[in-house]
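Subject: Handover of the model, with notes on what was found

Dear colleague,

I am handing over the structure we spoke about, and below it you will find my notes. Please read them with the structure open beside you.

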Amino acid sequence: MQELINRLKELIADGTVVRAIGWKKGDMPYNPEPAYFEKPEDFDDFVYDGFCGANLSKMMIEASKLEGKTAVCLKPCDTYSFNQLIREHRVVRENAYIIGVACRGKLDIEKARKEGIKGIKSVTGIDIEGDGEVVFDTIYGEKKMAYSDLMLDRCHVCKGKDHVIFDEVIGESKDTDDADRFEEVRKIEKMTPEERFAFFKSELSKCIRCNACRNVCPACSCRKCVFDGTKFDSQQKANVDSFEEKMFHIIRAFHVAGRCTDCGECSRVCPEGIPLHLFNRKFIKDIDDFYGEFQAGKDPEAQSPLTDFTFDDLEPKDAVGRGE
Amino acid sequence: MTELEKNIEIIKEISGSDPYKCMRCGKCTASCPAYSEMDIKPHQFASYIIRGDLEELIDSKAAWKCLSCFACIERCPRDVQPGKLVDATRQIVARQRGGDYLQPEEVPELLAEDLPQQLLVSAFRRYRR
Amino acid sequence: MQKIGVFVCHCGTNIAATVDVKKVVELVRYEPGVVFADDYMYMCSEAGQEKIIEAIKEYGLTGLVICSCSPRMHEKTFRACAEKAGLNPYMVEVANIREQCSWIHKDKEEATKKAVILARAAIAKVNLNTPLQEGESPVTKRALVIGGGIAGIQTALDIADAGYEVDIVEKEPSIGGRMSQFDKTFPTLDCASCILTPKMVEVNQHPNITLYTYSEVEKVSGYVGNFDVDIRKKARSVDFGKCTGCGECQTKGPLGKIGNIPSEFDRGLKNRPAIYMPFAQAVPAVPVIDRENCTYFKTGKCGVCAKICPSKAVDYEQQDEIVTVKYGAIVVATGFDIINLDKYGEYAYNECPDVITSIELERLMNAAGPTGGHLERMSDHKAPKEIVFIQCVGSRCDDDKGKPYCSKVCCMYTAKHAMLIKDHWPDTNITVFYIDVRTPGKNFDEFYRRAVEQYHVNYIKGQVGKVKPQPDGSIIVQAADLLDGKQINKKCDMVVLAAAIEPNPGVRKIATMLTASIDNNNFLTEAHAKLRPVESPTAGIFLSGMAQGPKDIPETVSQAGAAAVKVVGLLAKDKLKTNPCTAQCDTLLCNGCSTCANVCPYGAITYEDVQVNDHGLRETRRVAQVNVALCQGCGACTSACPSGAMDLQGFSNRQITTEVDAICR
Amino acid sequence: MKYSYYPGCTLKNKAQDLDKYARASAVALGFELEEIPEWQCCGGVYPLGSDEIATKLSSVRALNYAKEQGQDLITLCSACHHVLKRVNDDMKNVEDIKNRANNYCEFDEPYQGETKVLHFLEVIRDVIGFEELSKKVVNPLEGRKIGAYYGCLTLRPGKILDFDDPENPKIMEDFIRALGGEPVVYSMRNECCGGYTALKDPDFTKQRTEQIFDDSTGFGADCLITACPLCMYNLNKSEAKSKVPVYYFTELLAEALGVMEGA
Amino acid sequence: MSMNEEKKEFRPLIVAFCCNWCSYAGADLAGSSRLSYPADVKIIRVPCSGRVNPMFILRAFERGADGVIICGCHPGDCHYSTGNYYARRRMALLFSMLEYMGIENGRTRVEWCSAAEGAKFSKTMNEFCEKVKSLGENVRLGDLRCKN
C-alpha cells in the first residue's frame with residue numbers, strides 16, 4: 001500500500017497528474033470509500049486493502065472532464081469496465097493515468113456477519129500483500145476467518161488477474177477463480193417456472209428503490225436514466241407504491257446487456273442483498289450461448305452483441321423453452 | 001358443421017388427407033395399376049366423399065381392389081393421397097360395419113404352399129380389421 | 001391540448017355491416033382531446049373530404065383521427081385533405097377498422113368494441129403528434145433496369161424515349177432474354193426474333209441507353225431518387241472497342257463451330273465453344289470467353305482465338321470491373337426460367353432424350369436452332385409422328401410438390417406448338433393431356449379452338465401418370481381420359497412437358513439488395529395488387545415482366561410500359577418530398593455512446609461536440625446528430641439507445657407507449 | 001460396425017435365401033447383424049388408418065430395442081423396411097401417435113424416433129460405398145444383364161422412406177454395376193406386382209408380372225433381382241420366369257462376394 | 001353461442017406490434033382476404049420490428065396485456081435491411097429473461113410475416129390467441145410491482 005501511496009504522490013508532485021482517485025478510510029475498518037486525493041496530506045487517509053472493493057472506473061466519467069490528468073486505481077476487473085467506458089466514449093483515455101492495483105480477492109463483511117462476527121473494532125490480515133487469515137478484534141474477543149471464506153462471491157468467479165488496460169501496474173495479483181460463473185444462473189434455470197417466479201418475486205420485493213445499483217454501475221452511466229425521464233412515461237415512482245420493480249430491473253439489465261462486464265458492483269452495494277448480478281449474468285450466459293462467447297470490456301474495438309447480428313441468428317422462439 | 005362435413009372430418013382424421021384439396025387432375029387414375037379392376041376410379045374417391053356418397057364407396061368393388069402401391073400417393077400433385085382415402089374407406093367398413101372382405105374360413109382354400117407369410121399378413125391387414 | 005376531430009367511415013357496408021359506426025362515434029366523442037366526431041358513408045370521397053375540411057375550419061381542429069380502411073390505403077388522401085384545410089398533414093392518424101376489424105370479425109358487438117379501442121389508440125397518439133415538415137431531396141435523373149429481356153428492353157426504351165438516361169444490366173452476354181429463344185409467339189404467330197431483334201438493335205443504338213451486358217448488380221444503397229449501385233462488369237476477355245463481331249474466333253477455334261460446352265441458349269441441345277456469342281443476333285455482337293471452360297484459362301495453353309482474331313480483340317488479361325452509378329429509380333425485370341424437373345421422375349425427362357420441355361421444343365422448331373428448324377427426336381434424329389404434350393408439369397401443385405400457381409402461358413403456347421407442328425408436318429398426330437384449358441385473353445380461346453377444330457389436335461382431360469420409354473425407342477404415355485372414364489396407354493415418339501415457370505432464381509438476391517419484398521414463390525410483391533401493380537412497396541423500385549408474376553408477352557410489354565411511365569413520373573420531379581418521420585436526438589439526454597450509430601443502416605448518425613446548457617450546466621458534449629436527408633425512419637437507433645435520447649418523430653416512444661396504454665386500458 | 005437386425009417373418013420361412021445370403025455377405029463386407037431378440041411381425045403393411053397405434057406397437061418395440069443398443073436398425077424385406085420407417089416417422093413427427101404409443105409401451109424413457117432405420121442396400125450405399133463393394137467382389141457378374149425390380153414398398157412414400165428417388169431410383173442399378181453386372185433400366189421397375197391381391201385375384205397379379213417381364217426383357221434383361229419376398233412370389237408365379245430367373249439381391253451379392261457356399 | 005356464455009369465457013388481450021412494410025401489410029391482406037382471427041388482437045403499427053423497444057412490451061404487460069407478439073419482415077427482407085436482425089437478438093434475449101423470471105414463455109412471440117402472407121398472419125394470430133388463452137390471465141406480469 002505504501003508503494004502505491006508513494007507512487008501516487010510522486011505522480012502528483014512531478015505534474016504527471018493533477019489528482020488521484022483511490023479509497024480513503026471509512027468510519028469502520030471494513031467500509032473504505034472512494035475519494036479524490038490532491039494534496040500530500042490527503043493521502044493520510046488513503047487506504048487500499050481487502051475491503052476496497054469499489055470499482056472506481058465510473059468516477060473517471062466526471063474526472064475526464066476536469067482540467068489535467070487524473071490517476072485512477074483500478075483492480076484487474078475494473079479495467080474491463082474502463083475499457084467499456086472508452087468504447088462508449090464516456091471517459092477520455094488521455095485524461096487518465098491508470099494504476100493497475102494488485103488484488104487477491106475482495107472481502108464481504110456480510111460473510112463475517114453470517115459467521116456471527118459482531119462488534120468489530122479492528123481487522124488485520126486484509127493487506128493486499130498478505131496471505132494469512134483475517135483476524136477480527138471484536139468487543140467479544142478475537143475471531144478468525146480464512147481470507148477465501150470472506151471473499152465476495154464475485155471474486156470466486158474472477159475474470160482473471162490481468163489488467164486489460166493500464167499505464168503501470170503496482171503489486172502482484174492472484175487468481176481467485178474457483179467456482180463456475182454460471183452455476184447460480186443454471187440453478188435457477190432448472191427450477192420450475194413457478195419456483196423461478198417465486199424466487200424473483202421474493203428477491204425483488206426487497207427492493208427499496210434506493211438506486212444504489214444504478215449509481216454504482218459503470219455501465220449505467222446515462223446522464224439521465226429513462227426511469228427519471230418522461231420519454232416513456234416511466235418516471236421514477238419511488239415515492240408512490242407503483243414502482244415497477246420487475247420493469248426497472250429487467251430494463252436496467254437489458255440496457256447494460258452486452259456492455260456489462262459482470263463487475264458485480266450492483267449486488268455488492270445493494271443494501272437489501274438482492275442478487276442483482278443474476279440478471280446481468282443471465283444475459284451474459286444467453287449471449288455466450290446464442291452468439292458466441294463475449295466479454296464486455298475485454299476488447300474496446302469489439303462490436304457489442306446487441307448492435308451486431310448474423311444472418312442465421314437464433315430465432316426468439318428457440319431462445320425459450322430450451323430446458324424443456 | 002353439417003352432417004356431411006362431420007363425416008368428411010372423420011375421413012380426414014382416419015386418412016390424414018384432405019379430399020377438398022383435389023383438383024380433379026386424374027393423375028391418380030392415370031397412375032393406378034389396378035385401374036381395370038376398379039368400378040369407382042381413384043380420382044372419384046375425393047368427389048364421392050365430398051358429395052357424401054359414402055354408401056356407394058363402401059359397397060364398391062374398388063375399395064378392395066387397391067393394391068396399396070402408393071403410386072397415386074407419390075404422384076398426387078395436390079397431396080390428396082387418394083390411396084389413403086381408399087384405406088379410410090376400408091377402415092370405415094371394418095370399424096363401423098364389422099364387414100371384412102376376407103373371411104378366415106376362406107383362407108385354407110386360398111393357401112398355396114409357397115405363399116409367403118408377408119402375403120398372408122398383408123392380406124389380413126388390408127382386407128380385415 | 002389538441003382539438004381532435006374523429007371521422008368514422010362506413011365504407012359503404014364494408015365497415016358499417018360489422019361495426020356499429022354510430023356507436024363508435026358516440027363512444028369516442030368524450031375521449032380526451034376530442035371536440036368533434038362524426039360518421040360518413042365514404043370518408044375518402046370528395047364529399048367526405050369536404051366534411052373533414054369544414055370541420056377543421058369550424059372547430060379549429062388541430063388533429064384528425066380517421067377510422068377507416070388501412071392507412072396504407074388512404075393515409076395519403078387524408079393527409080392531403082388536412083393540408084388543404086391548413087392543417088399539418090402529420091396531425092392525421094388513421095385507425096384501421098376495416099382490414100383489421102370489420103373484414104375479419106363477424107360479431108358486430110365485438111367488432112364495434114375493437115373499433116372503439118383502435119380509435120382510442122389513434123386519438124391518444126394524435127394527442128402527442130406534432131406538426132412535421134417534409135424535407136426535400138434531389139432526384140438523380142437516371143434509371144436502372146435490371147434484366148435485358150423483353151420486359152427490360154421495353155421499359156428502357158420507353159424511359160429513354162421520354163428523354164431520360166437509362167442503363168440496362170444483363171447478366172448474360174447478350175440482351176434478348178427468353179423471348180429471343182422463342183420461335184413464334186401467340187396468338188398471332190409472329191416470328192419472335194422478327195419482332196424482338198429490331199428492339200434489341202434500338203436499345204443498342206439509343207443515345208439515352210447504356211448497356212451493361214455480362215454484368216451483375218453487386219450492391220445497392222441509398223433510397224428513392226438517390227440510389228448508389230455497384231455494377232460488376234464481368235471480364236469479357238474481348239475488347240469491346242476492337243471487336244468487330246466477325247465471329248471468326250467462334251468458327252475457327254480449336255473445336256471449330258461445334259464446341260463442347262452445352263449451349264445455354266439452345267438449352268443444352270447443341271454445343272458451343274468457350275468463346276461465343278449466345279446467338280447470331282446477339283446484342284452487343286461481341287463474344288465472351290467462358291473462363292470456366294476455356295482451355296487457356298484452365299491450363300494456360302491454347303490461345304488460338306487470340307491468334308485468329310483479325311482485330312486483336314481477345315484480351316486474356318481483362319479483369320472484372322466495378323462501376324458505381326447513381327440512379328433515381330430502379331426497375332426489376334429479371335424474368336423467369338422453367339423449373340428443374342428432377343422432382344418429376346414419372347415423366348422420364350432425365351432418362352429419355354425424347355422427353356423435352358416446351359422451351360426446348362421452341363429451339364427445335366427455330367430455324368436458327370440446333371436442328372435448323374427440323375423437328376426431330378434427339379435420340380435418333382427421326383421426325384416424330386406422334387407427339388404428346390403434357391400440361392401443368394409442376395404447376396398448380398401442393399406446397400412441396402411444386403408451384404402452387406398456374407403458370408398462365410402454357411395452355412396457349414401448347415396450342416401454338418401443336419398448330420405450328422401440324423402446319424409444317426401435317427402427318428403428325430398430336431395429343432394434349434390437360435387438367436383445364438385456360439385461355440382468358442383476347443383471341444385466346446379462338447386460338448385454342450382453332451387447334452382443335454382446324455388442326456384436329458386431340459385434347460384429353462386427365463393428367464399423365466407415367467411416361468414409359470419402350471425398348472423399341474417409342475414412348476408409352478400412361479394417362480387417363482377422365483371424361484370418357486378410360487385409362488390410356490398412348491404410344492408416341494416424343495413427349496413435350498409444359499414445365500412450370502418460376503422467377504429467375506437470381507431475383508432473391510436482387511430483392512434483398514433492393515429491400516423489395518418478395519412472396520413465397522419468389523415473385524416480387526407489388527405495392528398494391530390492383531392499384532399499384534408495377535411498383536414495389538419500396539419507394540423507387542418498379543416491377544416489370546415475369547419477375548412480378550406469370551404473364552405473356554403482350555402483358556409483359558404493357559407492364560413494361562406502365563413501369564416506364566412510373567419511372568418517368570419520378571424522374572420528372574426535381575425534388576422529392578422526404579419522409580419527415582426521422583430520428584431525432586435529445587442532446588441533453590445523449591450519452592454520446594455510439595450505440596445508435598452502430599445499428600443505423602444508413603450511416604445517418606454522426607457525433608459532434610456541441611455546447612449544451614443542461615439546466616444551467618454548460619459544457620461541451622459529444623452527442624449524436626441525425627442527418628435527416630439520410631435517415632429513413634426505421635427507428636433501430638431508438639430501441640438501441642439506453643437513455644431514450646434517440647426518438648423517432650411520428651412514432652415516438654411516448655406515442656407508442658400511449659397507444660399501448662389505450663389498447664390495454 | 002454392429003447393427004440391430006430385424007429379419008421379419010417371411011425371412012424366417014419362405015424367404016430364407018434373402019436372409020442367409022445377407023448374413024454371409026455382411027460378414028464378408030465387415031459388418032455385423034445382431035438379430036433383435038423376440039421381434040414380432042411388423043404386420044406386413046402400414047396400418048390403414050393413420051390414427052391407429054395398436055398395429056404399430058411391434059415396430060415401436062423393435063425400434064426402441066435398437067435405440068437401447070445404440071445401434072441403427074437394418075431390415076431386408078421391403079415390407080418390413082416400409083413399415084418400420086413409416087412407424088418411425090410417426091414416432092418422430094406425429095405427436096398424438098408418439099404419446100399414445102409411449103403411454104402404452106412404458107419404456108424407461110419415451111421413444112421418439114431416435115433410431116435410424118436402414119435398408120441393407122442403404123448400408124451398402126451409404127456406409128460401405130459401392131466403390132468399396134466393387135473392390136470386394138471376387139466373382140464379378142460379368143456379361144449379366146440384370147434388371148432391378150424395386151416394386152412399390154421399398155420406394156414409396158418417397159419422402160418418408162427416403163430410400164431413393166421414388167420415380168427414378170438408381171440404388172439397385174449402382175449395386176448391380178458394383179457387382180460387375182450390367183443394369184437394365186426399364187420403366188416397370190417401380191410399378192406394383194399386384195402384391196397381396198395374389199391371394200384373391202391371382203389372375204390379376206399374373207397380368208401385372210407379365211408386363212414387368214415384357215418390359216424388362218424388352219430392354220434386354222436376362223434376370224431380375226428383388227428385395228421383396230412378395231414380389232418374388234408373384235414373379236415366380238409367372239410363366240416367363242423360366243426364361244428369366246428372379247433372384248433376391250442378396251443372392252447375387254453373395255455370389256459376387258464368393259460366399260455362397262458358406263451361407 | 002349466447003352472449004352470456006361468451007362473457008364467462010376468458011378472452012385474452014393481445015398486443016401485436018407490426019412493422020409497416022411486411023406484417024402490417026400482411027395483416028391488411030388477411031383482412032382483404034377475410035381471413036379471420038380473434039378480435040382480441042390489437043395491432044400497433046411501427047415502422048420496423050427494430051423499432052420495438054422492450055419497454056413497450058413490458059408496458060403492455062403491465063397495463064394488462066396477456067400476450068405480446070412482434071411481427072416483422074422475414075430475415076433478409078427487412079425494408080431497412082437490418083432492423084429485424086437486431087430485433088431478433090433483442091427479443092431472443094428479452095424472452096429468455098422473461099422465461100428465466102418465471103413468466104410463461106407462450107405469452108411472447110416473434111413471427112416473420114411478409115406482405116404476401118395474409119394467410120400466415122391470420123394463422124399465427126389464431127394460434128397465438130389460442131396459446132395465450134390456454135395460459136389464462138397474465139397474473140405474473142400484470143403487476144410489475146413485487147409488493148404483495
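A residue is called buried here if 20 or more other C-beta atoms lie within 10 Å of its own, and exposed if 12 or fewer do. Please keep in mind throughout that this is a predicted model.

With that cut-off, 55% of the 263 residues of chain D count as buried. Chain D is built from eleven helices and eight strands, and its C-alpha trace spans about 55 × 40 × 30 Å along the principal axes. Among the contacts in chain D between residues at least 6 apart in sequence, 76% join residues that are at least 24 apart.

The domain assignment divides chain D into domain 1 (2-120) and domain 2 (130-257), and the centres of these two domains of chain D, taken over C-alpha atoms, are separated by 23 Å. Where they meet, 21 residues of domain 1 of chain D are in contact with 18 residues of domain 2 of chain D. On the domain 1 side of chain D, the elements that give two or more residues are α1 (16-29) and α3 (78-93), and α1(D) gives the most, with eight residues. By class, that side of domain 1 of chain D divides into ten nonpolar, six polar and five charged residues.

Two backbone details in chain D may be worth a look on the screen. The peptide bond from Arg156(D) to Pro157(D) is cis, with omega near -5°, and Pro157(D) sits in the loop between β5 (145-148) and α7 (158-161) of chain D. Asp162(D) counts as exposed because it has 12 C-beta neighbours inside 10 Å.

Turning to how the chains meet, six pairs of chains are in contact, and chains C and E share the most contacts of these. By contrast, chain A and chain B do not touch, their nearest C-alpha atoms being 28 Å apart, and chain D and chain E do not touch either, with nearest C-alpha atoms 17 Å apart. The contact between chain C and chain E takes 42 residues from chain C and 44 residues from chain E. On the chain C side, α4 (98-102), α5 (108-128), α17 (636-640) and α18 (653-664) each supply at least two residues, and the largest share, eight residues, comes from α18(C). By class, this side of chain C has 18 nonpolar, 16 polar and eight charged residues.

Chain C itself is assigned domain 1 (4-134), domain 2 (142-234 + 320-335 + 506-571), domain 3 (248-308), domain 4 (338-502) and domain 5 (583-648). The centres of domain 3 and domain 4 of chain C are separated by 32 Å, taken over C-alpha atoms, and six residues of domain 3 of chain C are in contact with eight residues of domain 4 of chain C. The side of domain 3 of chain C that touches domain 4 of chain C has three nonpolar, no polar and three charged residues.

Strand β25 (residues 475-481) of chain C is mostly covered, with five of its seven residues buried. β25(C) pairs in the antiparallel sense with strand β24 (residues 464-469) of chain C over five bridges, and Lys468(C) has Ile476(C) as its bridge partner. The hairpin of β24(C) and β25(C) has five residues between the strands, and Gly473(C) takes a positive phi near 90° there. β25(C) is also joined to strand β26 (residues 486-492) of chain C, by seven bridges and running antiparallel, and here the bridge partner of Gln478(C) is Asn489(C). This hairpin of β25(C) and β26(C) has four residues between the strands, with Gly485(C) in the turn at a positive phi of about 65°.

Finally, chain C has backbone details of its own. The peptide bond from Val283(C) to Pro284(C) is cis, with omega near 0°, and Pro284(C) is found in the loop between β15 (275-276) and β16 (288-289) of chain C. Cys302(C), which is not a glycine, has a positive phi of about 120° and lies in the loop between α9 (295-299) and α10 (304-308) of chain C. Cys302(C) counts as partly exposed because it has 17 C-beta neighbours inside 10 Å.

With best wishes

Technical notes. Residues are numbered from 1 along each chain as its sequence is written. Chains are lettered from A and ligands numbered from 1 in the order in which they are written. This is a predicted model: local features need pLDDT of at least 70, side-chain atom pairs count only at pLDDT 80 or more; totals for chains, interfaces and linings use all residues. Two residues are in contact if their C-beta atoms, placed from the backbone, lie within 7 Å. Domain bounds come from an automatic or database domain assignment. Ala, Val, Leu, Ile, Met, Phe, Trp, Tyr, Cys and Pro count as nonpolar, Asp, Glu, Lys and Arg as charged, and the others, Gly among them, as polar. Two strands pair if DSSP finds at least two bridges between them.
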